[in-house]
Amino acid sequence: MAKFEITTWHPIKEEQKKVIYDSSLSTLTWEDGTQVLPNVLTQPDVLTPAKINHGKRNLKTVKIQLGLSCNFECDYCNQRFVPHADATNPSDVDPFVDNMHTWFEGGSDGKGMGSHFEFWGGEPLVYWKTLKPLAEAVIAKYPNATRSIITNGSLLDDEKIEWLRKNDFWVGISHDGPGQHVRGPDPLEDPVSKAAIIELFKQLAPFGKTSFNSMINSKNISRAYIEAFFVNFVRTNIGEEYLQFLKIGEGTFVDAYDEGGLANSLLDEEEEVKYRNIALNELRDGKVTRFGSINNKVIKFIESIKQGNRVEALPQKCGMDRSDSVALDLNGNVITCQNVSSVANNPAGVSHKIGHISDLEAVKLDTSTHWSDREECPKCPVLHICGGACMFLSGELWEASCNNAFSDNLLPFTLAIEMMTDGWTPMYIEGPLRQDRKDIYWWVNGKPEKTRKPKKIIPILAV
């Protein structure tokens with residue numbers, strides 16, 4: 001795969017030192033060949049390659065797409081321009097659930113143990129008349145499975161909150177804190193929806209069952225500002241004692257699914273480096289502590305080094321390339337992921353309908369490009385953290401998403417190496433990656449005389 005020579009700097013010792021990272025074998029060594037971490041496990045054989053060509057089986061994650069309708073129209077929503085399939089309705093529920101035993105084995109105990117159901121929109125609460133009987137029937141059949149929804153929160157009320165609590169749902173509230181105006185409407189500015197979100201938090205947060213899910217974009221780059229926003233919101237509206245339960249989900253940089261996502265991307269080299277420096281300083285200063293995604297990525301990368309994880313077993317970021325993960329609608333159409341529909345195409349014009357639940361072995365993931373088939377990914381030092389960005393994007397939309405993901409994933413990459421080396425900070429990466437990505441914070445050579453300029457991109461949307 002690829003080896004990278006990383007020049008690091010120790011601010012206390014005021015010295016430079018080099019470490020060598022092999023992304024294929026997940027090894028990190030000092031320049032003299034000694035391991036950075038002791039007792040490194042090796043995995044010479046890949047027992048379960050991540051890349052699959054066809055077939056879904058032994059399902060653990062089931063994403064049920066209710067439809068793409070939403071009462072909001074957010075600027076960078078990845079579903080905004082996706083053509084809608086026919087709307088689902090309550091009459092679809094019984095045939096769907098009655099047939100589930102033919103394609104879902106029911107987890108390790110036949111009742112859902114070890115499996116997870118996600119109920120998706122659009123806005124899933126737009127489909128309340130379908131969601132309620134569907135989820136209740138699935139829970140009755142597979143009571144030991146976990147379940148979740150992600151909502152903008154604007155349609156919550158006492159009945160729905162009690163139902164979500166009673167049925168042990170995990171609920172993510174999509175909100176970008178001080179940058180919500182960039183995303184779209186703000187439910188916290190409406191007294192009714194604000195009161196409902198507060199009540200949901202009171203009911204679910206003490207049990208770790210809810211989070212505010214914020215995305216980072218070029219107009220809302222400060223995780224510290226986002227965290228401060230929610231800390232103030234909880235302290236002011238709910239109570240100091242509830243701060244211990246505050247979690248911020250998502251927390252990664254947006255992908256460019258269309259011109260809305262593109263407009264909120266890091267479109268030139270100077271923007272990218274500025275973002276990296278601001279974000280790294282916030283993390284170091286202890287201003288960002290509630291974003292689980294950062295901590296999880298740091299831990300994930302350190303574990304990959306400890307265990308010597310072979311890159312061939314690395315799944316895509318979303319996990320939808322896994323054979324045990326499936327997204328489908330109530331008509332049984334298997335789709336690339338929950339953010340598309342059976343009548344939509346990917347940017348290359350290939351249908352997102354990739355099969356049917358009546359023949360899961362025949363499902364063929366031909367709408368996407370695995371990271372191993374892209375030119376850039378195998379040459380990237382943050383691949384084990386990034387997972388290849390969005391797998392169904394192509395062309396200039398994928399290029400913009402890749403640039404966002406590279407800058408964003410340099411942060412946990414840097415923090416993890418600092419932790420493993422006792423304080424040595426990556427500054428410069430020599431290897432097969434692009435020249436403009438080597439001086440990662442512009443600490444070595446400063447700003448180049450010539451930098452990569454943004455392209456004028458006019459995406460062509462496949463309908």
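## Helix H8

The expected span of a helix is 1.5 Å times one less than its number of residues. In this predicted model, helix H8 (residues 269–284) has 16 residues and should therefore span 22 Å at 1.5 Å a residue, and the 23 Å between its end C-alpha atoms agrees with that expectation. At the N-terminal end, H8 is capped by Asp268, a side-chain oxygen of which lies 3.0 Å from the backbone nitrogen of Glu270. Just after H8, Gly286 takes a positive phi of about 75°.

The buried residues of H8 are Glu269, Glu272, Val273, Tyr275, Arg276, Ala279, Leu280, Glu282 and Leu283.

## Helix H9

Within H9, the residues Ser293, Ile294, Lys297, Val298, Phe301, Ile302, Ser304 and Ile305 are buried. An α-helix has 3.6 residues a turn, so residues three or four places apart point the same way. Just after H9, a positive phi of about 60° is found at Gly308.

## The antiparallel sheet

An open sheet is formed by 4 strands in the order S3-S2-S1-S13, with antiparallel pairing. Strand S3 (27–30) and strand S13 (425–430) stand at the edges, and because each has a single partner strand, one side of each is left without a neighbour in the sheet. From one strand to the next, the twist averages 30°.

Strand S1 (residues 3–10) pairs with S13 in the antiparallel sense over 5 bridges, and Thr7 has Tyr428 in S13 as its bridge partner. S2 and S3, which also run antiparallel, are joined by 4 bridges, and the bridge partner of Asp22 in S3 is Thr27. The hairpin of S2 and S3 has 4 residues between the strands, and in this hairpin Ser26 takes a positive phi near 55°.

## Helix H11 across the sheet

Helix H11 (residues 395–421) lies across S1, strand S2 (15–22), S3 and S13, and runs at about 115° to S13.

Conventions: Residues numbered from 1 in each chain as written. Predicted model: local features only at pLDDT ≥ 70, side-chain atom pairs only at ≥ 80, totals over all residues. Heavy atoms only, no water. Pairing = 2+ DSSP bridges. Helix = DSSP H or I, 4+ residues; strand = E, 2+ residues; numbered from the N terminus. Axes fitted to C-alpha atoms, helices over the stretch in contact; angles between N-to-C directions. Contact = heavy atoms within 4.5 Å. Buried < 20%, exposed > 50% of the residue type's maximum accessible area, 1.4 Å probe, protein only. Polar contact = N/O pair within 3.5 Å; in protein donor to acceptor, adjacent residues only side chain to side chain.
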